[in-house]
Amino acid sequence: MPEEKYGFVPAAGEFKDARSFAEQVKHVACANFGFFNQIEGKKPPEHCEKGGPAPARSKAELLRYLRESFDYANRVLATMTPQNALSRVDGPYGGPNTRLGIATIAVWHISDHYGQIVEYLRMNGLVPPPTRQYPLQVR
């Protein structure tokens with residue numbers, strides 16, 4: 001999404017109180033930190049539904065924050081073993097649950113918002129990069 005469209009919010013249809021594209025990105029990043037903080041037994045960031053405490057605003061800052069959240073998630077996932085995967089996790093992001101359960105919810109959450117972001121791109125006439133790589137072939 002071009003930076004000038006990061007403020008895009010769908011208007012046609014039932015989109016009252018919908019997040020902007022930038023808010024979607026920030027929400028996903030914050031939630032990633034929230035889910036994986038819980039797995040580590042740390043206090044998750046507050047108010048991820050509204051983007052959380054990170055000061056990221058520009059496209060570059062938001063993408064850096066998002067990449068950092070995925071890097072952090074990968075580091076936490078690397079610590080998961082068959083012995084600790086079913087350990088209890090408490091907290092506001094999908095808890096109480098197990099470490100594996102929280103990781104599964106995090107993947108679902110990312111997938112859900114990816115679908116929303118794809119729609120935002122398409123509403124702006126943009127084809128998501130993964131779609132460009134594998135064009136649909138009709139027979």
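Trainee: How much space lies in the largest pocket?
Mentor: About 340 Å³. Keep in mind that this is a predicted model.
Trainee: Which residues lie nearest the centre of that pocket?
Mentor: Phe 21, Val 25, Leu 66, Tyr 114 and Ile 117, out of a lining of 17 residues. The elements that give two or more residues to that lining are α1 (21-39), α2 (59-77), α3 (99-123) and α4 (129-133).
Trainee: Which element gives the largest share of the lining?
Mentor: α3, with six residues.
Trainee: And how do the lining residues divide into nonpolar, polar and charged?
Mentor: There are 15 nonpolar residues, one polar and one charged.
Trainee: Back to Val 25. Is it buried or exposed?
Mentor: Val 25 counts as buried, at 4% relative accessibility. Val 25 lies in helix α1.
Trainee: What does Val 25 touch, leaving out residues up to four places away in sequence?
Mentor: Leu 62, Leu 66 and Ile 117.
Trainee: How far is the C-alpha of Val 25 from that of Arg 75?
Mentor: The two C-alpha atoms are separated by 20 Å, and the residues are 50 apart along the chain.
Trainee: Let's stay with α1. How many of its residues are buried?
Mentor: 18 of the 19, so α1 is largely enclosed by the rest of the structure. From its first C-alpha to its last, α1 reaches 28 Å, close to the 27 Å expected at 1.5 Å a residue.
Trainee: What comes just after α1?
Mentor: Gly 41, which takes a positive phi of about 80°.
Trainee: What is Gln 38 in contact with, neighbours within four places aside?
Mentor: Pro 44, Val 89, Asp 90, Gly 91, Pro 92, Tyr 93, Gly 95 and Ile 102.
Trainee: New topic, aromatics. How many aromatic pairs are there in the whole structure?
Mentor: A search finds six. One of them is Phe 21 with Tyr 120: the ring centres are 6.5 Å apart and the planes are at 45°, so the pair is tilted.
Trainee: Which parts does that pair tie together?
Mentor: Phe 21 lies in helix α1 and Tyr 120 in helix α3, so the pair ties together parts that are 99 residues apart in sequence.
Trainee: Are those two residues buried or exposed?
Mentor: Phe 21 counts as buried at 5% relative accessibility. Tyr 120 is buried too, with a relative accessible area of 4%.
Trainee: What about Phe 33 and Tyr 65, how are their rings arranged?
Mentor: They form a stacked pair, 5.7 Å centre to centre with 15° between the planes. Phe 33 is in helix α1 and Tyr 65 in helix α2, so this pair ties together parts 32 residues apart in sequence.
Trainee: Where do Phe 33 and Tyr 65 stand on accessibility?
Mentor: Phe 33 has a relative accessible area of 18% and is buried, the cut-off being under 20%. Tyr 65 counts as buried at 10% relative accessibility.
Trainee: Which residues form an aromatic cluster?
Mentor: Tyr 6, Phe 8, Phe 21 and Tyr 120 form one.
Trainee: Now α3. What are its length and reach?
Mentor: α3 has 25 residues and reaches 36 Å between its first and last C-alpha, close to the 36 Å expected at 1.5 Å a residue.
Trainee: Which residues of α3 are buried, and what covers them?
Mentor: The buried residues of α3 include Arg 99, His 109, His 113, Ile 117 and Tyr 120. Their cover includes α1, α2, β1 (88-89) and β2 (97-98).
Trainee: What happens just after α3?
Mentor: Gly 125 takes a positive phi of about 75° there.
Trainee: Last, the whole chain. How many helices and strands are there?
Mentor: Four helices and two strands. Along the sequence the pattern is α-α-β-β-α-α.
Trainee: What does the C-alpha trace span?
Mentor: About 45 × 45 × 30 Å along its principal axes. Of the 139 residues of the chain, 38% count as buried.
Trainee: What share of the contacts with a separation of 6 or more comes from residues 24 or more positions apart?
Mentor: 58%.

Notes:
Residues are numbered from 1 along each chain as its sequence is written. This is a predicted model: local features need pLDDT of at least 70, side-chain atom pairs count only at pLDDT 80 or more; totals for chains, interfaces and linings use all residues. Side-chain values use heavy atoms; hydrogens and water are left out. On a 1 Å grid over the protein atoms alone, a cavity is a set of points where a 1.4 Å probe fits but cannot get out, and a pocket is an open set with protein on both sides within 12 Å along at least five of seven lines; lining residues have an atom within 4 Å of a point. Grid points are joined across faces, edges and corners, and a volume is the space filled by probe spheres set on the points. Ala, Val, Leu, Ile, Met, Phe, Trp, Tyr, Cys and Pro count as nonpolar, Asp, Glu, Lys and Arg as charged, and the others, Gly among them, as polar. The expected span of a helix is 1.5 Å times one less than its number of residues. Buried means under 20% relative accessible area, exposed over 50%, partly exposed in between (1.4 Å probe, protein chains only). Contact means heavy atoms within 4.5 Å. Rings of Phe, Tyr and Trp (its six-membered ring) pair if their centres lie within 6.5 Å; planes under 30 degrees apart count as stacked, over 60 as edge-to-face and the rest as tilted.
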